[in-house]
Amino acid sequence: MPLQAYLVLAALVFAIGLFGVLTRRNAVGILLGIELMLNAVNINLVSFARFRADVGGLVFTMFTIAITVAEVAVGLAIIIAIFRARRTIEADHLDLLRG
Amino acid sequence: MLLGSPTLALVVLALPAASFLLIGLIRPLRRRGRGAAAVSIAAMGAALAVAVAMWQRARPVLDGPPPNPSATWSWLPADGGPMATVGVMVDGLPLAMCVLVTFISFLVQVYSYAYLHDEPAPSLGRYYAYQSLFAFSMLGLVLAPGFLQMFVFWELVGLCSYLLIGFWYDRPSAARAAVKAFWITKLGDLGFVAGIAMLWAATGTFDFWTLFGMVDAGTLAAVAGLPTIMFLIYLGAVGKSAQFPLHVWLPDAMEGPTPVSALIHAATMVTAGVYMVARAFPLFALAPDVLTLVAWVGAGTALLAATMACVEADIKRVLAYSTVSQLGYMMAAAGAGDPQASVSHLLTHGVFKALLFLGAGVVIHVFHTNDMFRMGGLFGRLPWTGVAFLVATLALAGIPPFPGFFSKEAILGAVLDGGFTGPFVLLAVTSFLTAFYMFRAVFLVFFGRPQAHADAHVPLAMDGVCRLLAAVTVIYGLVLAFRAHHGEAPAWLPWASMLVAVAGIALAWAMYQRGAIEPARLASALAPVDFMARRRYGLDALYAGLYRGVLLALSALVGWVDRYLVDGVLNVLSAASLRAGDTLRRLQTGQPQDYVYGVAFGVLLLLVWAHVGSR
Amino acid sequence: MTAEVVGFWLVGAVLVVGSLGVVLSRNLFHAAVLYLPIALVATGAIFWLLESPFLFGVQLLLYAGGVVTIVVFAIMLTERLVGASIRQSSRFVFNGAVLAAAVFVGVTGFVVQRAVPSAPPPPAGEQMVLLGRALVGPFGVALQLLAVLLVVALLGALYFARTED
């Protein structure tokens, strides 16, 4: 399969993840969308690693996965903290930054 | 021509200036009142002595071309010689004026010391500061060698007039009168300064001597628009010397203390206009139409003011209108082509009008009122005051051997000689009225039934000054009687003028002393004149209405512009910012996903840009 | 039709279906426990197809195992499971769809413009060896920093999630 196929697939998954981030009400749902976006990025990286015979892509992917895991942990901890404070995690209700 | 010493002239100028600076700057001195008075009177006395000495030592230049009588120093530098100079001009005219100004100023300052006895000390100090400043300004004006310096001192004199008229500034009427005097004379000054500027633009100089030289050489006559220029310059005199229609400030100026009226509204400041016309007469002679106007306006003013004096009850107002009338006489003489007659009357009038005002001050002090109908019988109580007043009144009415007769006759002769029969008739009628209203005043105040309340104690300073002035008047009259007069006037003129004056006195005697003719009946017989005279011919009302109308309209306009345009612009700007802010605020929803929308949109834009850029 | 091509299309379809399920499912639990692992495993399969079996393993372990577990815990702690169902509704679906589609089109537009590399070059050596050497070699500092990051993340998560005593 040519490189573009993988890249287009990754773009598609990215777009789907973006859609999820934009439309989900629940904060955890938003986080799932972010996961998908990161996944798509990983697909991109590995494709390039393959098609350029460059192992740096793989290293980068590993880093990304590790960091994503850390980010998910912290993010969900924040969500739990918010839930404790406000008894809701619906993004619509978290508008303290409103101008 | 007479030539004096510039050095002495500078000393005369410097003495009151020094007095003013001392009193003005040293606050403890001013606050002490009497100390300030002492400084000012001493300076004035010294100035008088120097002025008299200067006059005595002036030597006439008989043969050869007349030298330049001015001594000047450069003031405003410019390429090719200074643009303006300051200095002194010491020929005959300024010398005589110096003596008059210093003499009357000195007497008035001495008189004021007693008249303002009840004034609190700091106020008295302020008064003497103003008096010194005025003396300095007036001397600077008469000694000016050119139009620019004259104008500067002209304005300074106007300022002093404002300060002194409004001396009792907590009286609303005095404050109003001071402002009115300032405004009305300012109207004339507008013309004056325009004329001076135009003259300078045409000739390149302010200096009198240079201008006189240009007149002799014939180059000045070639200046285009010279009549217009001279008319504008004359306007300054109209304002300052209270010619119609800018005469309305002088009667109101009586709100000031009586010695002030004697000094500046009889003898010195108001004569500045006449002085200016006489000084610049060679220039005026090149504009005969302007001179004709001067003569007619002068004669008209004389008659107008005389009619208004006939119906006044306030003694100071009678004298004020009398001053306006006599100023008209002086201007008429100048307009007829004889500035010497004009100046001669200026000098005699200065002496006896000052005496009249100071005498009126005594009268007011005695009766505690200005209203003549509440006075009477003073001659019995204060005979010497009565005599002094009578001397001055006879001088004003034009009875020989008092000085007024000679100077008035010179004026009438000049007017007749110049062929101005219309003004001559007006002036003749005015002579009749002058004698009438002055003796009306005399009969009402000094004769008739004595009033109950009268404080017959007169301070020595006031009384002594009056007696001294009376003596000077008499001596002056005798000097004039013996001096050789250029007798071009017809032989019937002195007799005719005497007859007219006696007729006026007789009418006043008949009406007010004998009661033979009822004043009310005469007034109703001359109803239209009486009506207009009592309302001052509507001029005051006209000016007030114009002033108010113009000022209010202008203020309303400016206010509208300020509120709707200036503030409006600001309000619109601020409202627009607020509204823009409110609109933009809706972007900050606080919803995190909306911000993600923003980020995604930005990414989209970047993609589009990269797309476009890569083509 | 090589095996790779068939595999690509198959795995790709599964991946897309799984992703759609994650974002469109009404039930959050379904989204997190069913569809997300499907998507993640499918991604791992893609890695296999791209000749990185190691990454396939890493993906399964960390993502499909770890992340899913954490998400499940989070859902448990923040929704009232007893009684109310974990229902979801979405906001402004149309706008989001349009924007996402626009981004997809934009990226794809770039991608298809480029010249196609004909065939993948052969790998330079044993992949694991290369990877290991890279990790401790040029990317050594990055590796250490990653370790620090993980510790910090751990501490942060602990701090945020602690109960107030």
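The legends below describe close-up views of a predicted model.

Figure 1. Side chains of opposite charge can pair when their charged atoms come close. Lys180(B) belongs to helix α7 of chain B and Asp540(B) to helix α25 of chain B, so the pair ties together parts that are 360 residues apart in sequence. Asp540(B) has a relative accessible area of 16% and is buried.

**Figure 2. Four residues are linked in a network of salt bridges: Lys180(B), Asp252(B), Arg317(B) and Asp540(B).** Asp252(B) forms a salt bridge with Lys180(B), with 2.6 Å between the closest N and O atoms. This pair links distant parts of the chain, since Asp252(B) is in helix α10 (residues 249–252) and Lys180(B) in helix α7, 72 residues apart. Asp252(B) also meets Arg317(B) in a salt bridge, at 3.7 Å from N to O. Arg317(B) lies in helix α15 (residues 315–336) of chain B, 65 residues apart from Asp252(B) in helix α10. Asp252(B) is buried, with a relative accessible area of 14%, and Arg317(B) is buried as well, with a value of 14%. Over all chains, the count comes to eight salt bridges.

**Figure 3. Trp183(B) and Tyr547(B) form an edge-to-face aromatic pair.** A pair of aromatic rings is described by the distance of the centres and the angle of the planes. In this pair the distance is 5.4 Å centre to centre and the angle between the planes is 70°. Trp183(B) lies in helix α7 (residues 172–203) of chain B and Tyr547(B) in helix α25 (residues 539–585) of chain B, so the pair ties together parts that are 364 residues apart in sequence. Trp183(B) counts as partly exposed at 45% relative accessibility, and Tyr547(B) counts as partly exposed at 37%.

**Figure 4. Phe405(B) and Phe406(B) form an edge-to-face pair.** Their ring centres are 5.2 Å apart and their planes are at 70°. Both Phe405(B) and Phe406(B) are buried.

**Figure 5. Six residues of chain B form one aromatic cluster.** The members are Phe147(B), Phe151(B), Trp154(B), Phe192(B), Phe208(B) and Phe212(B). The structure holds 23 aromatic pairs over all chains.

**Figure 6. Lys186(B) lies over the face of Phe182(B).** The distance from the ring centre is 4.5 Å. In chain A, Arg50(A) lies over the face of Phe51(A), at 5.4 Å from the ring centre.

How values were computed. Residues numbered from 1 in each chain as written. Chains lettered and ligands numbered in written order. Predicted model: local features only at pLDDT ≥ 70, side-chain atom pairs only at ≥ 80, totals over all residues. Heavy atoms only, no water. Phe/Tyr/Trp six-rings, centres within 6.5 Å; stacked < 30°, edge-to-face > 60°. Helix = DSSP H or I, 4+ residues; strand = E, 2+ residues; numbered from the N terminus. Buried < 20%, exposed > 50% of the residue type's maximum accessible area, 1.4 Å probe, protein only. Lys NZ or Arg CZ within 6 Å of the ring centre and 35° of its normal. Salt bridge = Lys/Arg side-chain N within 4 Å of Asp/Glu carboxyl O.
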